Each structure stands twice: as C-alpha cells, then as structure tokens.
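Please open the model in your viewer and keep the selection panel at hand. We will stop at a metal site and then walk along a domain boundary.

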Amino acid sequence: MPAVVVVGAQWGDEGKGKATDQLGSRVDYVVKFNGGNNAGHTVVVGGEKYALHLLPSGILSPGVTPVIGNGVVIDIEVLYEELDALIARGVDVSRLLVSGSAHVIAPYNRTMDKITERFLGKRRIGTTGRGIGPTYSDKINRVGIRVWDLFDEKILRAKVEGALEQKNQLLVKVFNRRAITVDETVEELLQYTERLRAMVADTSLVLNNALDEGKTVLFEGGQATMLDVDHGTYPFVTSSNATAGGVCTGSGIGPTRIDRVVGVIKAYTTRVGEGPFPTELFDEWGEFLRTTGGEFGVTTGRARRCGWYDAVIARYSSRINGLTDFVLTKLDVLTGIEKIPVCVAYDVDGVRYDEMPLDQSAYHHAKPIYEEFDGWTEDITGVRTFEDLPENAQKYVLALEKMSGTRMSSIGVGPDREATIQRFDLLD
Ligand code: GDP
Ligand code: IMO
Ligand code: MG
C-alpha cells in the first residue's frame with residue numbers, strides 16, 4: 001500500500017499523531033502537507049510523552065524520512081526549537097526534508113494574527129495566534145516569503161519590502177501600531193538560513209521517486225475536515241485545506257497516486273476556538289469528557305469544548321475525503337456512561353437534516369437529534385481484540401460504522417502506542 005493519507009474527521013485533536021506514529025515502523029516517509037505550528041500532536045511511546053507541532057509525527061520512528069511539504073507554513077524558529085528538543089531526548093532528526101516552496105511565517109504575520117483577532121472582538125475566530133492565517137493570505141495575495149527566498153538576501157529584501165508596504169499602512173493608520181522595518185525583518189529571517197540549507201529539497205520529486213520505487217509514504221494532515229477553509233465551518237476554520245484534497249496541492253503528488261484515505265475520529269467530539277458545534281455540552285457531561293479525556297490543547301493549553309459523537313459529521317467527512325477507513329479513538333473515555341447519546345441528524349428550525357447543512361446560518365441553528373446507546377462499565381484499556389470488548393462497546397462501534405458507511409478499522413483504548421485494537425490493517 002504505497003500512499004496512505006491520514007486526516008482529521010472532526011475539528012482537530014482526534015489523535016492523528018498517535019495514528020501516524022503507530023504506522024511509523026512500517027512506512028518510509030511521513031509528510032506534513034498543510035498547516036503549521038497551529039497543530040499539536042501528543043504521542044506517547046512506552047509512557048514517554050512527546051508534543052509535536054510543526055514536525056510530522058513520523059519523526060519519532062527510526063528509519064522514517066519526515067518531510068515538510070510545500071503546503072505547510074513554517075515558523076523557522078519553532079522548527080529549530082522542536083528539533084533541538086527532540087535531539088536532547090536522543091531522537092535522530094537528521095533525515096528531515098523541507099520543501100523550498102513552503103512559505104515562511106514572517107514575524108509580522110504573527111503580529112497581524114494577534115492584532116486582527118483583537119480587532120474582530122466578539123467576531124474573533126479564536127486562532128492559535130501563530131501567524132497561520134496571515135501567512136496563507138500573503139501566499140494567496142502573492143506577497144509571501146518562501147524558503148527559497150531566504151538563500152538570496154537581495155530577493156528576500158525585495159519581497160519583505162513588498163509584503164510590508166501595505167501592512168505598515170494598516171498597522172499605523174488602522175491599528176495604531178508602530179511600523180515594522182524591512183531591516184529588522186530581513187535580519188531576523190537571515191539568521192536562520194545556514195542550518196536550513198541542508199534540509200531543503202525538491203520534496204515533490206523525492207516523494208514521486210519514492211512511490212515509483214514502491215516505498216510507503218504516509219501523508220499526515222494537520223487540523224481537520226471541519227476546520228478546512230473550503231469544507232469546514234467557514235469562517236471559523238483554519239486557512240488551509242486540511243482534507244484529503246490538500247495532499248496533492250500541499251505535497252506535489254497527483255491524486256491517482258493515493259491508495260488509501262484514513263479519517264481519524266474521536267468516540268465523542270471536541271473543538272477549540274470559536275464557531276458552531278451542535279452537540280456541545282455545557283453540563284457535567286461536558287466536564288466529564290474534558291476531565292476523563294484530558295481535553296486541553298497541546299498548542300495553546302486552552303480547555304477544549306466537548307460534546308457527544310456526531311454521525312452527521314462522520315458521514316460528511318467520509319464523503320469529502322473519500323475515506324476508506326476510520327480510526328476511532330478514545331473509546332476508553334466513554335467507559336462508565338450508562339446511556340451514550342449519538343447525534344444522528346439535525347433539527348434546523350423544525351426541518352430534519354440528515355446531511356450537513358452548508359448554509360452557515362442554518363448550521364448555527366442546528367439542534368442535535370439523538371439516539372441513545374447502552375454503555376459499559378468494564379475497563380477496556382487492556383483490550384486488544386474487538387471480540388474482547390464488552391458487548392455494548394462492540395455494538396456502539398458497529399452502530400457508528402453503519403451510520404457513516406465507512407469501516408472502523410482501528411479502535412483506540414488509551415494514549416499509548418500499544419493501546420489499540422486493530423480490526424483491519426491500514427497498510428495492507
Ligand atoms: P492530534 O492533534 O489529532 O494529533 O491529537 P492531539 O494529540 O492534539 O490530541 C489527542 C489526545 O488524545 C492526545 O493527548 C493523545 O495522547 C490522546 N489519545 C489518542 N488516542 C487515544 C485513545 O485511544 N485513548 C485515550 N485515552 N487517549 C488517546
Ligand atoms: P491539530 O492538528 C484543533 C483551530 C483554532 C481556531 C481555528 C483557526 O492538533 O488537530 P489558526 O491558528 O489555524 O488560524 O486557528 O482553528 N485550530 C485547531 N483546533 N486542533 C488543531 O490542530 C488546530 N489548528 C487550528 O483553535 O479555532
Ligand atoms: Mg492536536
């Protein structure tokens with residue numbers, strides 16, 4: 001199975017890092033194709049916890065070549081911090097490849113992210129403040145800085161000048177801030193170039209050659225379907241294509257090369273930041289999921305909003321990504337709940353919706369229609385085969401599978417790499 005894609009099926013933090021890491025020993029390349037250090041993946045290996053943001057989770061597997069594709073936006077200072085932290089823990093990071101066409105998060109983009117959020121007031125998105133949106137805006141506006149530009153000071157200077165021209169007008173005249181100088185920006189960016197040079201490669205060529213040779217390449221999505229700039233709950237989304245379609249544009253491989261698309265989905269739902277969330281819980285059950293599931297952000301430390309599983313979202317994700325498999329995570333968190341509600345459709349002002357309402361004002365009014373499933377009380381964290389799960393847990397998983405039409409190939413029963421029930425091989 002040469003090319004496998006792993007994407008988030010909800011609003012992020014489904015456990016993509018763990019899913020990628022688990023396949024790590026069996027793949028040759030792990031590629032990040034979208035987003036930047038807005039992502040936060042926790043991977044637990046033998047009780048040791050690793051928090052990754054910009055680096056693909058495959059970096060923890062010896063023998064894997066981690067790749068940062070052209071669709072990623074890179075904060076170079078963060079890249080070095082993350083690399084150094086891993087080196088200090090004995091992880092070999094020497095194989096990392098970075099696309100020269102990836103865009104760089106310039107310091108002014110972080111500034112713009114924070115200022116625009118403040119300016120939006122109650123209409124804010126609740127971004128991670130890492131400069132992601134402004135950097136993608138610059139890319140689309142054709143005033144972005146790419147990794148290649150760092151290796152030619154003259155070009156870099158000209159591009160920074162171009163990017164700052166309008167921004168400084170905005171900063172000074174609209175936001176009442178001081179202007180940012182070209183010199184300070186160029187100086188800051190240039191200090192990173194030497195170390196970066198050795199990592200830069202034509203990653204599209206590398207990946208296509210690898211696939212030609214029959215190597216296994218795993219594409220690891222950051223964020224998730226409902227945060228995708230086209231298919232998510234716009235405008236409460238991130239600024240990249242986090243769905244499977246983003247793999248091709250974000251890494252330079254064609255759609256015909258993709259063999260399998262795996263959606264990672266939690267046994268309940270969480271969301272960080274603002275925006276609609278029909279199954280969100282404001283009662284003690286929300287608190288139960290947050291506490292039991294440890295639902296606090298890896299990147300910003302924010303408490304995640306929590307709610308029941310939403311089968312409409314699962315079906316939508318399955319369609320938008322062309323999923324072949326689901327990895328269901330955190331089933332263990334539901335242990336002890338007597339009756340587990342699952343959202344099977346929405347009620348929007350008296351009308352039943354079985355599919356996602358794409359009109360955002362309808363989605364803001366969507367009320368979940370629940371079906372209840374019997375829970376279980378047995379500790380399932382040590383279970384490793386589907387048949388050994390309590391009968392009601394099996395029924396819950398099979399019901400979710402039926403609702404989405406996509407098989408649940410793997411089931412997570414704890415944070416550790418080993419705490420997984422494998423029903424179908426994701427690489428076979
Ligand atoms: P990502 O952004 O999709 O990689 O997910 P995060 O790492 O932000 O959040 C997922 C959290 O759930 C992490 O703390 C994981 O260690 C944890 N996790 C993943 N799978 C499971 C599981 O099956 N059970 C439990 N209890 N925790 C899990
Ligand atoms: P992983 O990869 C959860 C959310 C932010 C905010 C919105 C826009 O760990 O699943 P941005 O900084 O991207 O412009 O913020 O998107 N967001 C995430 N939420 N998990 C993530 O990544 C996220 N990355 C961005 O909270 O609502
Ligand atoms: Mg995360």
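Buried means under 20% relative accessible area, exposed over 50%, and partly exposed in between (1.4 Å probe, protein chains only). This is a predicted model, where local features need pLDDT of at least 70 and side-chain atom pairs count only at pLDDT 80 or more, while totals for chains, interfaces and linings use all residues. Residues are numbered from 1 along each chain as its sequence is written, chains are lettered from A and ligands numbered from 1 in the order in which they are written, and side-chain values use heavy atoms, with hydrogens and water left out.

Start by selecting ligand 3, the magnesium ion: Asp13 (OD) and Gly40 (O) coordinate the ion at 2.0 Å. Donors here are N, O and S atoms within 2.8 Å of the metal (3.2 Å for Na, K and Ca); water is not among the atoms, so the site may look incomplete. Colour the two by accessibility: Asp13 is partly exposed at 22%, whereas Gly40 is buried at 13%.

Next, colour domain 1 (3-92 + 202-422) and domain 2 (103-197) separately; these bounds come from an automatic or database domain assignment. Their centres, taken over C-alpha atoms, are 29 Å apart.

Now show the boundary. Which three residues supply 28% of the area that domain 1 buries against domain 2? Select Val73, Ile76 and Tyr80. Buried area is the accessible area (1.4 Å probe) that two parts lose on being put together, summed over both.

Finally, select Asp84 and Arg195, a salt bridge with its closest N and O atoms 2.8 Å apart. The term means a side-chain nitrogen of Lys or Arg within 4 Å of a carboxyl oxygen of Asp or Glu.
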